[in-house]
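Let's take a friendly tour of a protein model with two chains in view. Keep the sequence and the picture side by side as you read.

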Amino acid sequence: MTICSAPFTELGRTQASALGHADLPIAVIPHPFGLRSREEVRRIAEQCVADIARLVCESAAGEAARAAAPASARSGRIEAPVDLDEFNRFCRACGWSDGLPLVPPTVERVEATLRHTRRARDEVIAAVAPGFGAASVEHIAANAVMAGCEPEYLPILIAAVEALADPAFNLQGIQATTNPATPWLIVNGPIARDLGINGGLNCLGQGAWANATIGRALRLILQNVGGARPGEMDRATHGQPGKYTFCCAENEAENPWEPLHVERGFARDSSTVTVVGASGTLNMNSHAKEATDLLRAIADTMAFPLSNDYYFGGEPWVILSPEHAEILKREGLGKSDVKRRLWEQSRFAAGRFAAKDRARVQHIRRAELGTIDANTLVPASPGADGIGIVVAGGPGTHSVYVPTFGVTRAVTRAVTIES
Amino acid sequence: MTGNAMIFEPTAATRNTPQPLRRALDGLEGKVVGFIDNVKPNFHFLVDDLAELLIGKYGVSSVIRHRKRTASVPAPEDIIADVTRQCDLVITGSGD
C-alpha cells in the first residue's frame with residue numbers, strides 16, 4: 001500500500017490503476033505534511049496507523065472492476081463538431097487542450113501526416129508516463145495535427161517520443177513532479193534546416209512555425225497520451241512557459257566546435273533530436289571579451305543553492321550564443337575544456353544550502369561526495385562531461401543557462417526520414 | 001459550418017495488463033511490515049511512529065525500513081527483492 005498527502009492522492013490512484021494495480025490501498029495524510037512539527041507528525045501517525053490496519057484487511061474484490069483492460073494500439077475515431085469554435089469547446093470539455101486553440105485532427109489531416117513515415121500506424125513507440133498511455137504512430141500524428149504541425153514534422157516527434165521513453169530521461173519523474181521541468185527539444189542535422197527549425201535569432205521565442213508547433217505537439221502527447229494534465233497527474237507547483245512549447249535547433253553554422261549530435265556519437269549528416277529535462281531558462285548577458293572572465297561569470301550564475309542539479313548531481317545546460325562561443329574558441333578552448341572549467345568553477349560550498357537541503361544533498365550524494373561539511377565544494381554534476389553545451393541564438397552578448405530537473409539525463413535519438 | 005466530422009482521438013489508454021488482485025490480510029498480528037521511505041520531508045518521522053504503533057498496538061512482529069536515494073526514481077531492485085522476500089505488507093511513501 002502507499003501513503004500520500006491529500007493533493008497527491010489522485011496521482012497515486014490513477015498511476016496505480018495505469019500500472020494494473022487499481023486495488024492499491026492508499027492511506028491519506030494531510031498536506032503540507034513536510035512542514036508539520038514532530039508532535040503533529042505523531043498525531044497524524046496515530047490516525048494513519050488505524051487507516052493502514054483497516055485498508056490492508058479489506059477485501060479487494062470490490063475494486064476489480066476498475067482495473068483497465070488492454071487497449072487497442074490504434075487511435076479511436078469519434079465525431080466532433082466541424083465548427084472551429086465548437087470543436088475547441090469540445091476539446092476543452094474532453095481535457096485535450098493546452099489552453100490554446102487546436103486544429104481538428106480530421107481523417108484527411110492525420111492521413112496526410114502518416115504519409116511521412118513508413119512505420120506502421122499501430123506501432124507503439126512508447127508507453128508514456130505517468131499514465132503509460134500507449135503512444136502509437138497514429139496517436140502521435142493526431143496530436144501533431146492538433147498542435148498545427150506540418151505533416152513532415154512527424155519523424156521528429158516519433159524520435160522525440162522514443163527519446164522521452166529512455167529510462168535515463170526519467171519521464172515519470174518529470175511528468176508528475178512539483179518542479180516546472182519539461183522536455184526541451186534540440187534538433188540537429190539537415191532536418192533542422194530543411195524544416196525551418198530556428199536555431200538563430202529568437203530561437204527560444206515566438207515566430208518559427210516548426211519550433212512552436214513541434215514543441216507544442218510534444219506537450220499535447222505528454223498530456224493526452226501520458227495523462228499528465230495540470231492538477232491531476234501533472235503536479236507542477238507553477239509550471240513554466242516552456243511547458244507550452246520548448247524546441248529549437250542548434251546553430252550549427254556558427255558553432256565553432258562539433259555540433260551536439262556529433263559530440264553524442266552520431267554522423268554529422270544525420271538528423272537527431274535531443275531531449276533535456278529543463279526547469280527553465282535564465283539569460284546571461286555579458287560583454288566579457290576574454291574566456292577566463294566570461295567562464296567565471298557564467299559559472300557564478302550556474303551556482304545557485306536552490307537547484308535540483310546541485311541536490312541530485314544533475315546535468316545543467318548552457319546555450320552559448322555564437323559570439324560567446326567565438327570568444328572561447330578564439331582562445332583555443334575546445335568544448336570539453338569549456339565543460340571542465342564551468343564544472344570546476346561552478347562548485348560551491350555546501351554551507352550555502354539551506355540546512356534541510358544540505359541534509360538532502362548529504363543523503364542523495366553521499367556515495368559520490370562522501371561526508372559533506374559546510375566547506376565541501378559541491379558540483380552541479382558528478383563529472384565535467386555532465387555540463388551540456390549547445391550553441392544557438394543570433395547576434396548579441398547573451399547566453400542562456402538551462403538548469404534541469406536533476407534526476408534526468410539528456411537522450412538523443414536519430415530522426416528517420418522515410419517519405 | 002455546422003455538423004460533425006470524424007476525427008482521430010488524441011488520447012491513448014494504457015496497455016498494461018491488470019495485475020492479480022492483492023490479498024487482504026487477516027490482521028496485522030505477527031506480520032512483517034516493510035517501509036520504503038521516499039525521503040520527502042518528515043516521512044522518516046512518520047515511519048518511526050508508524051513502526052512503533054504497528055508493533056505496540058497491532059502486534060506486528062517486525063518492521064523493515066528502506067530509504068530511496070530520492071523520491072523521483074523507482075526503488076532499486078535490491079530493495080524490491082528484500083521486501084518481497086521478507087514482508088507480508090509493504091508501505092511506500094508517494095508524492096509529497
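## Chain B and its overall shape

With 96 residues, a compact globule would have a radius of gyration near 12 Å, but chain B has 20 Å. That radius is taken over C-alpha atoms, and the globule rule is 2.2 Å times the number of residues to the power 0.38. Along its principal axes, the C-alpha trace of chain B spans about 70 × 30 × 25 Å.

Before going on, note that this is a predicted model: local features need pLDDT of at least 70 and side-chain atom pairs count only at pLDDT 80 or more, while totals for chains, interfaces and linings use all residues. Residues are numbered from 1 along each chain as its sequence is written, chains are lettered from A and ligands numbered from 1 in the order in which they are written, and side-chain values use heavy atoms, with hydrogens and water left out.

## What chain B is built from

Chain B has two helices and four strands, and along the sequence they follow the pattern β-β-α-β-α-β. Here helices (H or I, at least four residues) and strands (E, at least two) are DSSP runs, numbered from the N terminus. Of the 96 residues of chain B, 42% count as buried. Buried means under 20% relative accessible area, exposed means over 50%, and partly exposed is in between (1.4 Å probe, protein chains only).

Look next at contacts, meaning heavy atoms within 4.5 Å. Among those in chain B between residues at least 6 apart in sequence, 73% join residues at least 24 apart.

Which residues of helix α1 of chain B are buried? This helix covers residues 43-58, and the buried ones are F43(B), L46(B), V47(B), D49(B), L50(B), A51(B), L53(B) and L54(B). An α-helix has 3.6 residues a turn, so residues three or four places apart point the same way. The buried residues of α1(B) pack against elements from both chains: β1 (2-5), β2 (26-29) and α2 (38-55) of chain A, together with β2 (32-37), β3 (62-67) and β4 (89-93) of chain B.

Now check what flanks this helix. N42(B), in the loop between β2 and α1 of chain B, has a positive phi near 75 degrees although N42(B) is not a glycine. N42(B) is buried, with a relative accessible area of 8%. After the helix comes G59(B), whose phi is also positive, near 75 degrees.

## Chain A as a whole

Chain A has 15 helices and 15 strands. A compact globule of 419 residues would have a radius of gyration near 22 Å, and the 23 Å of chain A agrees with this. The C-alpha trace of chain A spans about 70 × 60 × 35 Å along its principal axes, and 57% of the 419 residues count as buried.

The domain assignment, which is automatic or from a database, gives domain 1 (2-65), domain 2 (84-248) and domain 3 (280-402) in chain A. How far apart are the C-alpha centres of domain 1 and domain 3 of chain A? They lie 39 Å apart.

One joins H31(A) and P32(A), with omega about 0 degrees, and P32(A) lies in the loop between β2 and α2 of chain A. Another runs from A129(A) to P130(A), with omega near 5 degrees; P130(A) is in the loop between β4 (124-128) and β5 (133-136) of chain A.

L19(A) sits in the loop between α1 (9-18) and β2 of chain A. Not counting residues up to four places away in sequence, L19(A) touches F132(A), N16(B), T17(B) and Q19(B).

## A helix in chain A

Helix α13 of chain A covers residues 322-330, and P322(A), H324(A), A325(A), I327(A) and L328(A) are buried in this helix. Their cover includes β9 (282-285), α11 (291-302), β10 (317-320), α14 (335-345), β13 (388-391) and β14 (398-402) of chain A. Just after α13(A), G332(A) has a positive phi of about 85 degrees.
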